[in-house]
Amino acid sequence: HDSTEKTNLSGWTVEASQNGKAITTATSNITGYQITGLASGTYTITEVPIAGYRQTTPASSFTVTITGEQTITGKNFGDTTKPLLTGTIFKDVKGTGTYVTSDPFLQGWIVDAIAGGKVVVTATTDSRGFYQFTGLNAGTKYTISEVVKSGYKQTFPAAKTYTLTPTSGRTTAHLNFGDHAV
């Protein structure tokens, strides 16, 4: 289903596999999907991606164990056409403008998504310095910019911001920022 619209999507292929080998497929309709005729055993249930969509749930697949004649429900896939933009903010300890594994990540920093000269949404970094934007519109030009905290100087990227036009259903990762304490 479309996780932004909360509607079922028709025409998606869902596959049941066992030990990496496809056993059977089903095609979704407006009521969902149904895989039938599976023998007892453990199966991996995955959906076949469709261009322009990004799977939001589960992270990759479902594992189900069937014993006898059994109906399993609630194994829904979530998909969206909204792009996903992600990155991290790290403390550039040496001030080199390059991340090294000993550099810690910065929590509680603000990152702005700007369109048409206005901040349209902000994200805050978590304990791993990670941030993400999930609700931006495909085809809109955005500038991704961090809000540099007092006592720091931004060292990465050299351009200080990222400017991009996300594509429907795509993930753009590694929009990272580095900051050196001054």
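**View 1. Strands S1 and S3 run side by side.** S1 and S3 pair in the antiparallel sense, over 4 bridges. In this predicted model, local features need pLDDT of at least 70 and side-chain atom pairs count only at pLDDT 80 or more, while totals for chains, interfaces and linings use all residues. Residues are numbered from 1 along each chain as its sequence is written, and side-chain values use heavy atoms, with hydrogens and water left out. Strands (E, at least two residues) and helices (H or I, at least four) are DSSP runs, numbered from the N terminus. Two strands pair if DSSP finds at least two bridges between them. Ile45 in S3 is the bridge partner of Ala16. S1 (residues 13-18) is also joined to S2, by 6 bridges, again antiparallel. There, Val14 stands opposite Ala26 of S2.

**View 2. The sheet S2-S1-S3-S5.** Four strands form this open sheet, in the order S2-S1-S3-S5, with antiparallel pairing. Its edge strands are S2 (21-27) and S5 (62-66), each pairing on one side only. Neighbouring strands are turned by 30° against each other on average, direction ignored. Axes are lines fitted to C-alpha atoms (for helices, over the stretch in contact), and angles run from 0 to 180 degrees between N-to-C directions. S3 and S5 pair antiparallel over 5 bridges. Thr44 stands opposite Thr63 in S5.

**View 3. The two faces of strand S3.** S3 spans residues 41-47. Gly41, Tyr43, Ile45 and Glu47 make up its covered face. Thr42, Thr44 and Thr46 make up the uncovered one.

View 4. Gln55 lies in strand S4 (residues 54-57). Buried means under 20% relative accessible area, exposed over 50%, and partly exposed in between (1.4 Å probe, protein chains only). Gln55 counts as partly exposed because its relative accessibility is 24%. Leaving aside neighbours within four places in sequence, Gln55 is in contact (heavy atoms within 4.5 Å) with Glu47, Ser60, Phe77, Gly78 and Asp79. The side chain of Gln55 reaches two backbone oxygens: that of Pro58 at 2.7 Å, and that of Ser60 at 3.3 Å. A polar contact is a pair of N or O atoms within 3.5 Å; within protein, one must be able to donate a hydrogen and the other to accept it, and residues adjacent in sequence count only if both atoms are side-chain atoms. Thr81 is 26 residues from Gln55 along the chain, with 9.0 Å between their C-alpha atoms.

**View 5. Two cis peptide bonds.** Most peptide bonds are trans. Thr57 and Pro58 are joined by a cis bond, with omega about -10°. Pro58 lies in the loop between S4 and S5. Phe156 and Pro157 are also joined by a cis bond, with omega about 0°. Pro157 sits in the loop between strand S12 (152-156) and S13.

View 6. Most residues other than glycine have a negative phi. Asn19 is not a glycine, yet its phi is about 55°. Asn19 lies in the loop between S1 and S2, and is exposed, with a relative accessible area of 82%. His174 has a positive phi of about 65° and is not a glycine either. His174 lies in the loop between strand S14 (171-172) and strand S15 (177-181). At 63% relative accessibility, His174 counts as exposed.

**View 7. The sheet S9-S8-S11-S13.** Four strands form this open sheet, in the order S9-S8-S11-S13, with antiparallel pairing. The edge strands are S9 (118-124) and S13 (161-164), each pairing on one side only. Neighbouring strands are turned by 20° against each other on average, direction ignored. Strand S11 (residues 142-146) pairs antiparallel with S13 over 4 bridges. Leu164 in S13 is the bridge partner of Tyr142.

**View 8. Thr67 and the span of the chain.** Thr67 lies in the loop between S5 and strand S6 (78-80). Thr67 counts as exposed because its relative accessibility is 57%. Phe105 is 38 residues from Thr67 along the chain, and their C-alpha atoms are separated by 46 Å. The C-alpha trace of the protein chain spans about 65 × 35 × 20 Å along its principal axes. The chain has 0 helices and 15 strands.
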